[in-house]
Amino acid sequence: MTSPQPPTRRGPRLGGRVWRFATVAIPAAFLLVFFVYPVLAILGRGLVPRWSFDPEPVGRVLTDAGLRGVLWFSVWEAALSTLLTLAIGIPGAWALSRFAFPGRRAARAFVTVPFVLPTVVVGAAFTTIFGTDGSLLAILLAHAFFNTAVVVRTVGGLWSQLAGRSEDAARALGASPVRAFLHVTLPALRPAIVAAGAIVFLFCFTSFGIVLILGGPTRATLEVEIYRQTADQLQLGVAAALAVVQLLAVTAMLLVAGKLQGHRAVALALRPADAVARRARTAKERIALAVVLVGVLGFLAWPMAILVARSFGSDHGLTLDAYRSLDATGPGSALFVPPVHAIATSLRYALGAVVISVIIGGLASLAALRREGRAGRILDGALMIPLGTSAVTLGFGFLIALDRPPVDLRTSPWLVPIAQALVAIPFVVRTVVPLGRGVDPRLRDAAAVLGAAPARVWRAVDLPVLGPALALGAGFAAAISLGEFGATALIARPDNPTLPIAIFRLLGVPGAQNYHAAMALTTILMALTLVVVFAVEAVPGRFAARGARGSRG
Amino acid sequence: MKRWTICVAAVVALAGLAAACGRGGTTQDGRGATITLLTHDSFAVSKPVLQQFEQQSGIKVKVLHAGDAGKMVNQAILTKDKPLGDVLFGVDNTLLTRALQAGIFESYRPAALAGVPATYQLDTKDRAVPIDYGHVCVNYDKAWYSDHGITPPTSLQDLTKPQYKNQLVVEDPSTSSTGLAFLIATVAANGDGDPKVGGWQPYWQRLRANGVKVDEGWDQAYDTDFSGSAGKGPRPLVVSYASSPPAEVLAAKPEPTVAPTGVLLDTCFRQVELAGVLKGTKHPKAARTFVDFMLSKRFQADMPLEMYVYPVVDGVALPPVFQKFSEIPTQSLDVAPARIAQDRDRWIQEWTSTVLR
């Protein structure tokens with residue numbers, strides 16, 4: 001690279017090479033320090049406690065009846081939750097993908113709302129109905145509430161693409177509607193159902209906030225037990241062993257889920273074709289449609305409505321007392337700071353998490369977008385791994401790894417934003433890379449041929465697509481950070497609680513006033529999250545067109 | 001390249017600035033300082049008493065309630081490099097060794113310790129100073145038993161009998177210091193030998209079979225599940241304190257002549273609560289002044305009605321309602337602190353497996 005080259009050729013200048021190196025090295029370094037190192041620390045504590053390989057802690061987890069019970073509960077509650085979610089989601093998918101009716105678009109958007117809500121919000125909403133006494137039904141319903149959107153979108157996406165002709169043919173040949181569904185439609189939907197089921201199972205297996213809030217002392221998933229062993233009992237060895245088991249279980253599940261999805265790519269189209277949707281024809285069909293719609297939408301609206309109503313509740317009718325109490329603290333108050341401070345803390349941490357995840361995720365995306373960059377592709381894949389690691393495990397890793405030299409961040413205000421960014425980065429990359437791939441390389445070549453310098457090419461061709469894509473990713477990161485609970489619960493300090501932490505704390509102390517304050521904070525968190533998500537949803541409408549133009553070249 | 005250098009320099013400078021801003025000013029003199037008291041949710045002090053302290057000492061006190069005692073102590077241990085507060089109050093004799101081993105306290109011996117009986121002075125190196133004591137015992141609802149025509153239980157063994165089925169509510173020892181105290185009492189009473197032969201594990205299995213309910217903390221157990229409290233819950237037996245009956249007397253209007261609840265005096269464990277100056281405090285002098293205040297006659301006399309605990313300092317008068325209605329067990333089911341330190345975590349682990357899973 002010593003001989004000068006014409007600017008239109010591929011060979012980059014020194015600055016370009018440094019830049020290219022940086023796009024790989026900075027995200028890689030971030031990942032090494034904040035993910036690989038903490039995970040190694042967990043493995044070290046769990047498997048190599050005294051500098052010699054000793055699976056004793058893990059063995060203890062697997063032989064202790066109580067801890068085995070935790071693993072077993074994680075499995076069967078996830079299985080039951082998945083079945084319940086499918087039982088609610090499949091009829092929902094049928095109604096929303098097969099039929100045209102007034103308000104269909106709004107109904108579809110509404111179904112997605114629970115999925116973007118923070119788990120603390122869902123848990124708090126269900127305490128209004130079931131209390132915190134460890135009702136199994138509450139946990140299962142909360143999981144179904146949270147995950148119905150996954151089934152409706154995944155199964156509905158495929159359903160709306162089945163033209164329905166095979167089913168019509170079966171009916172014409174004399175099959176009853178039930179028979180036609182069981183023998184024609186259901187087999188065709190199977191891949192989508194299996195894929196959705198696998199995702200829901202994974203979410204429920206690693207469920208934390210919902211089980212912690214609704215489960216009482218007797219019910220615990222692995223996630224909850226890791227948290228309790230750490231925060232309540234300070235048994236870091238046991239927690240590390242549980243985290244190792246959790247890492248293994250999640251990895252195994254991801255592999256299985258990948259296999260299941262690999263068999264047949266399932267359409268995850270966000271806006272399925274409206275072509276197959278038709279009006280309900282017979283009276284029977286209309287009644288069935290109405291029952292399903294009222295049932296599913298009612299199931300999803302009910303907890304949110306009660307939650308908001310409770311936030312205005314008090315001993316004497318509907319008031320704003322709970323909201324007014326949020327800027328006060330005093331003797332007997334459950335929080336060190338007035339609850340409104342939690343809003344400011346959450347927003348500050350969200351800003352930090354957005355900045356970190358956009359920088360790291362953006363650089364990684366650029367690396368991944370360079371086709372020749374094998375390191376970029378590996379990085380792209382590597383950045384997905386934190387997504388599979390559960391948040392509590394991540395937080396626990398931070399707690400035991402980043403508390404001493406060489407990386408001592410225990411007292412840093414960046415600790416929480418970094419953990420939240422780690423959860424958000426995969427979403428940023430997933431958002432930016434597909435949109436970036438849409439840029440036709442010929443556009444760059446054309447610009448270069450016309451004499452634009454590389455920086456100018458990048459500014460004129462890539463930036464108009466990547467900028468909005470990054471904005472979209474930033475929105476996702478903000479929503480994730482606002483609701484993040486698992487990692488934050490282990491590393492946030494009680495004098496600086498985020499909204500989910502403050503809500504959990506308020507739910508844990510007795511007194512109607514604290515309960516109403518928790519409901520008010522939950523309503524605020526729900527509103528904040530929805531504002532961010534809807535703002536994000538509005539972005540692609542405007543910019544996807546540009547991206548699409550780019551892809552058509 | 002030059003631009004890169006500038007960028008790097010700017011980032012480094014910003015980072016340095018941020019680090020510098022992170023360090024607050026320190027005060028040598030106690031006056032004018034604001035100290036933070038890290039404590040559990042049950043801590044309370046009456047307003048005039050605290051205000052008087054603040055005025056006389058010139059020290060402002062912020063109270064950080066950090067959950068139940070266990071959680072609060074764990075938080076203190078996990079954050080010991082940058083402590084959450086200057087003084088910690090509320091570590092008890094069941095958790096004391098965990099805090100001492102983690103080295104979260106600075107040594108400090110207040111002069112007033114001379115007036116505290118030796119039996120409460122649990123730390124020979126003066127890192128943790130005793131402030132109050134109380135007894136964790138099973139309480140019963142007198143009205144419930146007379147209404148149902150059942151004789152109340154009197155011993156731990158009675159609690160496993162069929163006529164007391166589904167009546168007892170306890171606290172989870174992994175999250176509640178009250179629950180841990182009761183667990184230790186059952187260990188003391190039943191022994192800690194081979195569970196196949198006998199001991200506390202089979203005892204808890206029998207309690208479980210007899211329908212014991214486990215709550216996360218004392219508040220939930222006492223205020224929502226116990227029938228003898230204002231919450232009017234369904235269960236007439238609860239693990240609470242020997243000082244709970246006077247509290248019920250005060251809550252009742254008009255004041256009754258006998259306490260509405262009673263204490264099973266053969267089920268008690270003595271709990272001592274201690275305070276200490278947290279290592280790394282920026283206000284060591286003010287922190288010590290506050291520990292002195294906690295051993296002052298004024299604060300010691302204030303505690304019984306605020307936290308329902310007994311003063312450790314000799315010669316502090318109890319309020320009349322305590323003199324009249326509280327029962328102090330003559331003997332308690334105690335376990336030596338060294339044993340507790342050694343076996344506490346195993347007991348909790350085994351208890352969780354036996355009772356919850």
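## Ground rules

Residues are numbered from 1 along each chain as its sequence is written, while chains are lettered from A and ligands numbered from 1 in the order in which they are written. Because the model is predicted, local features need pLDDT of at least 70 and side-chain atom pairs count only at pLDDT 80 or more, while totals for chains, interfaces and linings use all residues.

## Chain A: two helices meet

Chain A has 22 helices and two strands (DSSP runs numbered from the N terminus: H or I of at least four residues for helices, E of at least two for strands). Let's pick out helix 16 (residues 391-401) and helix 17 (residues 415-437) of chain A, which pack at an angle of about 145° with axes 11 Å apart (axes are lines fitted to C-alpha atoms over the stretch in contact, and angles run from 0 to 180 degrees between N-to-C directions).

Who touches whom? Helix 16 of chain A brings Ala391(A), Leu394(A), Gly395(A) and Phe398(A), and helix 17 of chain A brings Leu415(A), Ala419(A), Leu422(A) and Val423(A) (contact means C-beta atoms, placed from the backbone, within 7 Å).

## Chain B: a covered strand

Strand 5 (residues 129-141) of chain B has twelve of its 13 residues buried (20 or more other C-beta atoms within 10 Å of a residue's own, with C-beta atoms placed from the backbone).

Seven bridges tie strand 5 of chain B to strand 10 (residues 269-278) of chain B, and the two run antiparallel; here Gly134(B) sits opposite Gln271(B). Strand 8 (residues 237-241) of chain B is also antiparallel to strand 5 of chain B, with five bridges, and Tyr140(B) has Leu237(B) as its bridge partner there.

Technical notes: Two residues are in contact if their C-beta atoms, placed from the backbone, lie within 7 Å. Two strands pair if DSSP finds at least two bridges between them.
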